[in-house]
Amino acid sequence: MSLFWLVIRQLAEIEAMAAKKVITREEWEKKLNDVKIRKEDMNKLVMNFLVTEGYVEAAEKFRMESGTEHIDLATITDRMAVKKAVQSGNVEDAIEKVNDLNPEILDTNPQLFFHLQQQRLIELIRNGKVEEALEFAQEELAPRGEENQSFLEELERTVALLAFEDVSNCPVGDLLDISQRLKTASEVNAAILTSQSHEKDPKLPSLLKMLQWAQNQLDEKAAYPRINDLSTAILEDSAV
């Protein structure tokens, strides 16, 4: 992220200046070229993103093209199978897959296990299995709610879905949104990554946020060619 470091360096250089500095495109591009980032580090950054987000084929292709260190594609495939199962509402299958990967993940993470069980309850309610949902809530979730106040509050909120015939106007109807499945799937994905000694979040999005922050800081002190659209990364001249 040579542009990020250039922006930070430029901020330091003009910190004491009162007037807003104008930096030409030629000067900016020269400074950008002077910032040296190793290709190996950039490759690792890209690979980190592909592995964390589960792009198996892209990760393998990039590994072959870049010569980046070997990765265990099987672990990515297994992790994505778990994530896909949760996103599809097949929570029981997801729990089985997690235990096949590493039983300690759920044994040592009661919050994650509760959220998976909560998602199972949500799926039962979604499918109209009221009696089964009540029995499941009483046998599997209620005992955990007695031990943890936050679990109890989440359980009560989930069971409240049963009190409404029209869940579209229900105050807790968001639990039936696809976003709830995605939230649970993301939590499981992060836990598996942690168990495999990987970072649970990719570095690239964080670096892009840091770049945006640095540009916003520099905007107050200088006019310079900036990136307005991160998807294209094209430098655009600022209005003086």
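Tutor: Let's begin with Arg38, which is partly exposed at a relative accessible area of 49%. Buried means under 20% relative accessible area, exposed over 50%, and partly exposed in between (1.4 Å probe, protein chains only).
Student: Before we go on, what kind of model is this?
Tutor: This is a predicted model, where local features need pLDDT of at least 70 and side-chain atom pairs count only at pLDDT 80 or more, while totals for chains, interfaces and linings use all residues. Residues are numbered from 1 along each chain as its sequence is written, and side-chain values use heavy atoms, with hydrogens and water left out.
Student: Ok. Which residue forms a salt bridge with Arg38?
Tutor: Asp41 does, with the closest N and O atoms 3.0 Å apart. A salt bridge here is a side-chain nitrogen of Lys or Arg within 4 Å of a carboxyl oxygen of Asp or Glu. Asp41 is partly exposed too, at 35%.
Student: How many salt bridges are there in the whole structure?
Tutor: The search finds 12. One of them joins the side chains of Glu29 and Arg25, at 3.4 Å from N to O.
Student: Where do Glu29 and Arg25 sit relative to each other?
Tutor: They are 4 residues apart in helix H2 (residues 25-34), so about one helical turn separates them. Helices are DSSP runs (H or I, at least four residues), numbered from the N terminus, and strands are E runs of at least two. Glu29 is partly exposed at 32%, and Arg25 is partly exposed at 30%.
Student: Which residues are linked in a network with Glu29?
Tutor: Arg25 and Asp237 are linked with Glu29 in a network of salt bridges.
Student: And what about Lys30, buried or exposed?
Tutor: Lys30 is exposed, with a relative accessible area of 54%. Lys30 forms a salt bridge with Asp34, where the closest N and O atoms are 3.5 Å apart. Those two are also 4 residues apart in helix H2, about one helical turn.
Student: New topic: which residues form the negative surface patch?
Tutor: Glu131, Glu132, Glu135, Glu139 and Glu140. For a patch, residues need over 30% relative accessible area and no salt bridge, and like charges are joined within 9 Å (nonpolar side chains, Val, Leu, Ile, Met, Phe, Trp and Tyr, within 5 Å).
Student: Where is Glu132?
Tutor: In helix H9 (residues 130-147), and Glu132 is partly exposed at 43% relative accessibility.
Student: Which residues does the CTLH annotation cover?
Tutor: In the unreviewed UniProt entry, "domain: CTLH" covers residues 75-132. That span is 83% helix and 0% strand, with its end C-alpha atoms 34 Å apart.

Key:
Accessible areas come from the Shrake-Rupley method with a 1.4 Å probe; for residues, only the protein chains shown count as cover. Lys and Arg count as positive and Asp and Glu as negative; His and the chain ends are not counted. The place of a charge is taken as NZ of Lys, CZ of Arg, CG of Asp or CD of Glu. UniProt positions are given in the numbering used here, feature names are shortened, and annotations may be inferred rather than shown by experiment.
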